[in-house]
Amino acid sequence: MLSKPAISVTNFGHLHEHSEQLLRLGLLAEKYFAEDPNTCLLKLRQLAELLAQMVAAQVGVFVSADESQRDLLRRLQDQGILPREIAQLFDVIRRSGNSANHAFTDDHRMALDNLKIAWQLSLWFHRTFKNPGFKSGAFIPPMAPAAESAELRSELARLTEALQAYEATQQETVQQLEAVSATLKTAQEEQLFWEQMAIEADQAKVELAKRLAEQQANALIQPKNLLKTYIKAANQAAESVQLDEASTRKLIDEQLRQAGWEVDSVELIYQKGARPAKGKNRAIAEWPVNSGRADYVLFVGLMPVATVEAKRKNANVSGALQQAKRYSRDFRLEAEQQSPGGAWGEYVIPFVFSANGRPYLRQLETLSGIWFNDVRRSENLAHALDGWYTPAGLGALLKRDVVAAHQSLAAQGFTYNLQLRPYQQDAIRAIEAQIAAEQRDLLVAMATGTGKTKTCIALIYRLLKAQRFRRVLFLVDRSALGEQAANTFKDTRMENLQTFADIFGIKELADQQADTDTSVHIATIQGMVQRILYPGENVVPPQIDEYDCIIVDECHRGYLLDREMADTELTFRSFDDYISKYRRVLDYFDAVKIGLTATPAFRVISF
């Protein structure tokens, strides 16, 4: 038991209904913020770890307190219990806590960001398992540190104003919160109270283990459909998560950083002297344009290549792309900067993005993901991405001339060493026409015995030769098919007695990553799921621009037909699980997808 009633002014009072330890950790994190932000981050990590363990116990999948947070979060997300956007927030706190533990981070701004995120996670947990309609009120800013930066002072002042504005307009909710916290009265100034609380937090492990075991045992005897109820509640509660502008920028900063950009939307900003530099790939915030300030401008060296509009979580991301286009139109190229090659009509910068920090969700496409448009051609359609382009990816895209590529394809004949029949040539022409028309998902149905493999190899060869695509991912569902495809690429002679593999670099099943000169990478869907969804700790997954064309061989096949998967390849719990992960892989890359099949079943056509 808490040694003395805790403070009423806390963001985590609602957690008292679930666990005293959750409340202790939240209170201690707030307490340590001003004097010791590193310990604040550690307490928040412990809070998030316990939240995840309690989620697992509530639904009957808790294993052990010794399971790493990373593995537990993966399991919960994989089983559909943890919505993807919630898993992202858990991971932010996990990474920040690891940094605090190993690098002794003394960063009040990071601590404040994580306090706000932990608060939202606690609200999600409470709404999922206790009170779906719970109204939290505004975030209560912690006590300011003695030596606060101008940015931190401004952010705390903004939070205080938001709290006061909320209290002035939401009297009913405020009164309800005061009633709930009536049992949590003051002891804020008493050092003994805080010392005792810290001791109790450290001594709570035995009690926690017992509590988690009880919850796990109780969950196992509940009706099986209760899990579906919890999953539905978790997704509904995720919709109520509200991230402010600063928290959203933190998520976007981290996403850009993982894609290879140097970024810090508080420090690396135009007003503080941030400028592009040779050899640096920078996302500079608050860049001035004729009509205001762009949230970010992406520079590859001295060349501006993209403008970015950053919005809060629930904003329409696709609609915000219009603002990023305005930044592109109104950009002023300075003397020391390198031109990206425009203008393209009214646009000075070739690429535009909009984002709200939320991971891509197909069912909420306009409200999630990173929306992107290549504005060099009016025919280019905006679409959602699962991540950010890398500097190298944007550089490669800038060099691509789609019009010239299709002119080259139109001029190419079919005078290859492998002789194509007229219907095979017609199929290739039809596919190329659809790609020229900006069709991004194509299904090619050719009956068994009509030379589907030969047609496919000729198609890939032509697309690479014309430089329509830079790198093709050739996906199969069985290792045997991948080995067969690799041998065919190595044995098939294309022109001047050279084989396909003599002309274009091939990576086979055993190769985890493509090299700069790789033109075709053969992989199993199981292996690619492992690399994208389950990379090892500190292992960077493939970037979304690693492949710009995906060929899916035998795309009608289900995993139940597969009896030749390697032991290291991922297995799937059900057909729906297989389809879900298959879709995630296809959605992950910004690529044209071409499915090959001899049996166009309904699920393939709808897929």
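These legends describe close-up views of a predicted model. Local features need pLDDT of at least 70 and side-chain atom pairs pLDDT 80 or more, while totals for chains, interfaces and linings use all residues. Residues are numbered from 1 along each chain as its sequence is written, and side-chain values use heavy atoms, without hydrogens and water.

**View 1. Helix H2, residues 37–58.** Helices (H or I, at least four residues) and strands (E, at least two) are DSSP runs, numbered from the N terminus. H2 has 22 residues and spans 31 Å from its first C-alpha to its last. Of the 22 residues, 19 are buried, so H2 is largely enclosed by the rest of the structure. Buried means under 20% relative accessible area (1.4 Å probe, protein chains only). Gly-60 follows H2, with a positive phi near 80°.

**View 2. Aromatic pairs of Trp-287.** The structure holds 20 aromatic pairs. Rings of Phe, Tyr and Trp (its six-membered ring) pair if their centres lie within 6.5 Å; planes under 30 degrees apart count as stacked, over 60 as edge-to-face and the rest as tilted. Trp-287 and Phe-299 have ring centres 4.9 Å apart and planes at 55°, so the pair is tilted. Trp-287 and Phe-331 are stacked, at 6.2 Å centre to centre and 15° between the planes. This second pair links parts of the chain 44 residues apart. Both Trp-287 and Phe-331 are buried.

**View 3. Charges over rings, at Tyr-270 and Phe-414.** A charge sits over a ring if NZ of Lys or CZ of Arg is within 6 Å of the ring centre and within 35 degrees of the ring normal. Arg-275 lies over the face of Tyr-270, 3.6 Å from the ring centre. Arg-462 sits over Phe-414, 4.3 Å from the ring centre.

Conventions:
The expected span of a helix is 1.5 Å times one less than its number of residues. Buried means under 20% relative accessible area, exposed over 50%, partly exposed in between (1.4 Å probe, protein chains only).
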